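This report describes the fold of one protein chain, going from overall figures to individual elements. The sequence and the model are shown first.

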Amino acid sequence: MMSLQQLKRHFTSYNNKKEDWAFIRKAYQFALKAHAGQKRVSGDSFITHPLGVAIILSELELDLVTIITGLLHDVLEDTPVTYEEIEQEFGEEAASLVDGVTKLSRMEFRSKEEHQAETWRKMFVAMARDIRVILVKLADRTHNMRTLRFLNNLKQVEIARETLDIYAPLAHRLGIYKIKWELEDLAFRYLNPEGYYFLVDKLAKKRKEREEFINQVIALLQEKLNETGLKADISGRPKHIYSIYYKMKEQGKDFTEIYDLTAVRIIIDNVRDCYAALGVVHTLWRPIPGQFNDYIAMPKPNMYQSLHTTVVCAENELLEVQIRTWEMHRTAEYGIAAHWRYKEKVKDNTEFEEKLSWLRQLLEWQQDLKDAHEFMEHLKIDLFSDEVFVFTPRGDVIDLPRGSVPLDFAYRIHTDIGNRCVGAKVNGRIVPLEYQLKTGDILEIITSKQGTPSRDWLKIVKSSQAKSKIRNWFKRERREENISKGKEVMEREIRKLQLEPHLFLKDPLLEEVGRKYNLLSAEDVYAAVGYGGVSSQQIITKLRDEYGKKFGEEKKLPPVEIKPWKEASRASRGVRVQGIDNLLIRFSKCCNPLPGDEIIGFITRGRGVSIHRADCPNVARNPKERFLDVRWEVTGDLSFPVEIEVIALERPNLLTEVIYAVSESKINITAVNGRTTRDKMVVINLTFVVKDLEQLEHIMNKIRRVKDVYSVRRRSRPTS
């Protein structure tokens with residue numbers, strides 16, 4: 001059972017000021033009085049929880065104000081105590097921290113997910129001001145997980161899932177492995193009891209054998225290190241249950257196939273001796289190629305430093321060895337918490353603040369994510385997915401979510417570099433923008449003054465930061481286009497539901513729905529749909545709700561009479577028009593549709609039916625009443641013109657090689673136009689004739705394989 005005496009023992013081990021301990025006693029008495037009469041689900045007095053949180057914080061050796069916050073962290077939420085009372089008794093700093101930790105339980109939310117998202121938003125804003133907010137929150141969650149057995153099964157699974165998805169990765173991001181490992185094992189126990197106890201049983205059976213092996217390894221290592229004059233503390237490092245399970249799951253292996261269950265840690269006095277100790281280890285046992293990581297020379301973003309190596313011992317037993325200094329060990333266990341008191345003692349906090357730069361980045365993009373589900377999904381991807389570590393040409397390390405592409409890197413460096421990106425070099429070679437980055441890649445971004453983002457980029461970038469900046473560009477630069485596109489999308493989706501668009505797309509209704517997404521006008525709603533900030537389905541669902549509240553029953557469109565398809569006239573040139581015969585058909589030169597493209601017909605004045613690609617930007621400008629349903633009906637040996645744009649690095653013979661790639665397929669080229677930009681880039685426009693979309697894709701892929709070509713795309717021409 002926890003006691004105030006236990007808290008005193010931990011706190012006074014690193015802070016022996018009597019007045020500080022007296023202040024903690026005062027906070028304890030304040031919390032005891034505030035929570036008087038309250039019980040936990042276990043039946044224990046409620047004070048055991050804030051006391052437990054304070055003890056966990058004292059084990060991390062945190063400062064006086066943080067310990068006080070741990071004791072008071074629930075008083076604003078669960079008692080009548082006010083912010084002003086805490087400020088008066090314990091100061092503004094403590095009151096602000098308590099408020100930062102407090103959940104938003106007194107606000108009304110439309111869903112549980114929205115409540116969770118808003119809680120995290122507030123917490124991250126508070127974290128950006130003071131990182132101790134999340135340290136208290138992690139201690140709070142750790143104590144709750146330790147006492148989770150008293151809740152019902154449904155609640156256990158819900159809390160354990162959130163812990164594994166959010167809190168444990170956050171502890172990892174902050175480098176607090178002591179808490180990370182405990183949270184993972186506790187969450188695993190409730191999410192997969194069968195798997196958890198299976199591994200517990202297997203480890204218990206092998207414990208004696210493993211302990212004997214580790215003791216032999218330690219004795220041999222100690223002897224060899226002593227011979228070389230190296231003083232070191234060597235201990236066995238227990239493998240955590242969840243990490244074993246994760247490895248089995250990721251690698252598709254059985255427990256018997258996981259060989260590196262044994263690990264030792266060497267803690268030594270200085271960095272030079274770390275590398276000397278590594279030499280001793282590699283002299284004793286054969287290292288496994290590719291299994292050495294130098295996190296001393298290249299620390300992780302969460303400040304973790306250590307040498308990692310895996311070696312083969314007797315009887316092919318694998319042994320994992322970590323080598324670090326005492327300072328590194330403290331940082332590895334306590335992460336950002338280990339640097340808190342250091343931060344207070346120095347004036348220049350630049351390095352400390354750099355370690356928290358990801359918080360600033362988080363705040364940048366989270367402002368644009370209005371939807372709760374989207375916010376939570378992006379939070380998990382951007383902060384808590386596995387990472388890749390890549391280099392700038394100057395050797396700076398940039399960490400990105402696994403699966404990131406060069407565009408993610410470009411936007412991480414600077415917004416303008418991302419917006420003007422036209423290509424990328426990885427390790428000196430041009431790669432497509434879809435290339436997935438690997439740890440160790442050296443990136444160079446190629447930019448052009450004429451370069452602008454593409455909507456397709458939203459489909460390939462991984463980080464929320466990049467997605468947010470791309471959306472912001474379209475939002476800012478193309479507002480009129482976004483409004484037009486958003487309105488068109490909304491009208492089309494409403495018609496699909498057999499509803500009348502003019503009844504739903506009224507400004508008062510749109511403004512009412514827009515307020516839920518911080519959009520102030522009907523145009524803002526259209527623009528947000530146009531640039532992808534919010535989905536049309538979300539808006540339409542809420543429009544229907546608002547319409548129902550105000551007007552009751554929805555009005556359906558009258559059923560449309562669909563005429564049967566008639567045989568194409570001789571003038572159709574490979575296209576059938578629904579229900580109409582003998583129309584002049586012509587293919588639009590702005591988008592050059594091909595068999596295989598989704599197409600739409602537009603009735604022109606005096607020039608018959610113009611056939612466009614369905615995604616042609618010029619189609620959106622025309623009245624919908626003049627559209628016709630059309631479909632391909634290609635017979636015979638028809639061919640169609642198409643124009644593509646090739647962007648490449650300038651070099652001799654480039655144009656010859658590109659033209660050869662096309663003509664090799666026995667394709668007739670009808671026009672070639674090329675120019676060189678100031679950035680030593682070449683833009684080549686080619687027009688040729690093909691039979692269908694499949695043949696075009698084949699030719700474009702051949703051009704992409706030409707050296708120094710990094711972009712090949714189909715062109716659409718705007719009409720005046």
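## Confidence and overall make-up

The model is predicted. Mean pLDDT for the protein is 80, with 82% of the residues at 70 or more. Residues 341–348 have a pLDDT below 50, and this stretch makes 7 contacts beyond near neighbours in sequence. Another stretch with pLDDT under 50 covers residues 560–571, for which the model has 24 contacts beyond four places in sequence.

The protein has 720 residues, of which 51% are buried. Its secondary structure consists of 30 helices and 20 strands. Among contacts with a separation of 6 or more, 65% are between residues 24 or more positions apart. The accessible surface is about 36,400 Å², and carbon and sulfur atoms account for 49% of that area.

In soluble globular proteins, nonpolar side chains tend to be buried together. Here the largest nonpolar core contains 70 residues, and Leu7, Ile24, Leu72, Ile86 and Met145 have the most contacts inside it. The element that gives the most to this core is helix 10 (residues 153–173), with 8 residues. Another core lies apart from it and has 50 residues, including Ile398, Ile445, Val489 and Met490.

Which residues is methionine 145 in contact with, leaving aside neighbours within four places in sequence? They are Ile159, Ala160, Thr163, Leu183, Leu186, Ala187 and Tyr190.

Helix 27 (residues 522–531) is largely enclosed by the rest of the structure, because 9 of its 10 residues are buried. The buried residues of helix 27 are Ala522, Asp524, Val525, Tyr526, Ala527, Ala528, Val529, Gly530 and Tyr531. Their cover includes helix 22 (457–460), helix 23 (464–477), helix 24 (479–496), helix 26 (507–515) and helix 28 (536–551). Just after helix 27 comes glycine 532, with a positive phi of about 90 degrees.

In helix 15 (residues 326–334), the buried residues are Met328, His329, Thr331, Ala332, Glu333 and Tyr334. These pack against both helices and strands: helix 3, helix 11 (177–191), strand 2 (262–268), helix 14 (271–284) and strand 5 (318–325).

## Strand pairing

Strand 13 (residues 599–603) is mostly covered, with 4 of its 5 residues buried. Strand 13 pairs with strand 14 and with strand 15. In the second, phenylalanine 602 is opposite phenylalanine 627.

The table lists the pairings described individually here.

| Strand | Partner | Sense | Bridges |
|---|---|---|---|
| strand 13 (residues 599–603) | strand 14 (residues 609–613) | antiparallel | 5 bridges |
| strand 13 (residues 599–603) | strand 15 (residues 627–628) | antiparallel | 2 bridges |

## A loop residue

Valine 41 is placed in the loop between helix 2 (18–34) and helix 3 (48–59). Is valine 41 buried or exposed? Its relative accessibility is 62%, so valine 41 counts as exposed, the cut-off for exposed being over 50%. Not counting residues up to four places away in sequence, valine 41 touches Phe150 and Leu151. The C-alpha atoms of valine 41 and phenylalanine 150 are 6.3 Å apart, although 109 residues separate the two along the chain.

Methods
Residues are numbered from 1 along each chain as its sequence is written. Side-chain values use heavy atoms; hydrogens and water are left out. pLDDT is the predictor's confidence in each residue, from 0 to 100. Contact means heavy atoms within 4.5 Å. A nonpolar core is a set of buried Ala, Val, Leu, Ile, Met, Phe, Trp, Tyr and Cys residues joined through side-chain atoms within 4.5 Å. Buried means under 20% relative accessible area, exposed over 50%, partly exposed in between (1.4 Å probe, protein chains only). Accessible areas come from the Shrake-Rupley method with a 1.4 Å probe; for residues, only the protein chains shown count as cover. Two strands pair if DSSP finds at least two bridges between them.
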